[in-house]
Amino acid sequence: MTETTQTHSTPSQGGDKPHSPEYRLAVDALRGLRQDLFQDAFAYRPLPRMSVDGPIARRLPGRLREYAGWAPHAAVAFAGVLAWLIADTKNDAGDFGGLLTGLLSLTAVLLTLVRPAGAFWVSCAVTPISAALGSTWGEWPWLPGAFATHLVVLTVVAIRTRPRTALWMWALTAVYGIFAVGLFGGGYGGSNTPAMLVTSGMVLLVVAVRQIRNAAEREVTAQQTVTAHERSKRTLLEERTTIARELHDVVAHHMSVVAIQAEAAPYRVENPPPELEHAFAVIRENAVIALSELRRVLGVVRAEDYEAPDAPQPTLADLDGLLANVRDAGLTVEKVVTGAVRELPQGIELSAYRIVQEALSNSLRHAPGASARVEIGYVLGGLGLRIVNGPATGLVKPSPGAGHGITGMRERVTMLNGEMTAAATDDGGYEVTVFLPVPVLDAEDTGDSV
């Protein structure tokens, strides 16, 4: 039984009509004001120490570098002392009045270090208190000390919060200035509200632009990090897909041999028992099924522009042809073989060939005109490779590659449980060292007789 759910719009209770966009905009604005300046206004939000990893801080001595992290705190404290001095010297309300207004100004500025939103409200309270304790000196409604205090508080709080909070502080400052002049500014020589709004507006605009620019830089950096990570993953998958396509031919060859040998084995024995014939038939059937599954897997990992190779996959026996092509391209290369040369598993020979090929291609791209040396060592436990090139010479500039070479080599070595190192040499060249383990087979495994 199928249950059908219908959605009905709930009518507004009390006959209310849907609110207009202007109403919703005003409600959202008031909600933003409440979140920025009212909710947890006096919450403890200490200013963290400045990072000392900048180009200037790194050049300072050790002890002085530790103190450099407190530079923002020292700058705010200095601005608070300056506001205190202005409030004390530009106030003719007596020693007590000047001292009180100076302490209030210093408190408002220092409060920005721990409670930024609360510091704004304290600064707003300092302004009328300073006016009440002060005199009719100058313009209204900000006395010189209150003017400097409020400007410093607006700047520090804007730096510590977001641009929307700075806009709200500026708007509330404008509302206060307009109402203070309209209600109580008749007995004063003039109004400094326009000066406050213009000065603070320019400062807050600079701070907002800087914050927006820093936020954009952080976003770009984050996007670049994500892009680089995705590119690295894509490169890794592409290299693994290439390796899988190449090893398909190797595995398919061995599976075909198994199927053919299983089919022909019963005919090599006169009057084979039915159990033996059935066993070889099962082996052949499983080999054919495995070969079909390999072809299906290859179809999954095949790229759209992939073309199946006409020639078999290369081995170390084809290395001389590769070196000849590299020499024709302008790279002087020397090959040195040590140990008893023997035939290795085809997967190991293919991987060794591709590693040498990629290392020499990197030498051609990044060190044009240099000489290279390819060392191949056959040891009891495996195969050793060392490809080293000298520094670039001549007038030909290095050509940047796609950056897949080292990744592809590491993937091949990891697949075979080998070891690899790739690093620059002391003379400015580059060296790649690889060891590919090869399992040692007993005489019974190889089919040899003693």
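## The sheet

In this predicted model, five strands make up an open sheet. Their order is β1-β2-β3-β5-β4. The pairing is mixed. Two strands sit at the edges: β1, spanning 332–338, and β4, spanning 419–424. Each of these edge strands pairs on one side only. On average, neighbouring strands of the sheet are turned by 10 degrees against each other, with direction ignored.

What holds paired strands together? Strands of a sheet pair through backbone hydrogen bonds, and the pairing is either parallel or antiparallel.

## A pair inside the sheet

Take strands β3 and β5. Strand β3 covers residues 382–389, and strand β5 covers residues 430–437. How many bridges join β3 to β5? There are eight. The two strands run antiparallel. Within this pair, L383 stands opposite L436 in β5.

## Helices on the sheet

Helix α11, residues 346–366, packs on the sheet.

Helix α10 is formed by residues 319–328. Helix α10 lies across β1 and β2, the latter being residues 371–379. Relative to β1, helix α10 runs at about 160 degrees.

## A residue in helix α7

Now look at T165. Where is T165 placed? The residue belongs to helix α7, which spans residues 163–184. Is T165 buried or exposed? T165 has a relative accessible area of 3%, so T165 counts as buried, the cut-off being under 20%.

Which residues does T165 touch? Leaving out residues up to four places away in sequence, T165 touches D36 and L37.

Note on methods: Residues are numbered from 1 along each chain as its sequence is written. This is a predicted model: local features need pLDDT of at least 70, side-chain atom pairs count only at pLDDT 80 or more; totals for chains, interfaces and linings use all residues. Side-chain values use heavy atoms; hydrogens and water are left out. Two strands pair if DSSP finds at least two bridges between them. Helices (H or I, at least four residues) and strands (E, at least two) are DSSP runs, numbered from the N terminus. Axes are lines fitted to C-alpha atoms, for helices over the stretch in contact, and angles run from 0 to 180 degrees between N-to-C directions. Contact means heavy atoms within 4.5 Å. Buried means under 20% relative accessible area, exposed over 50%, partly exposed in between (1.4 Å probe, protein chains only).
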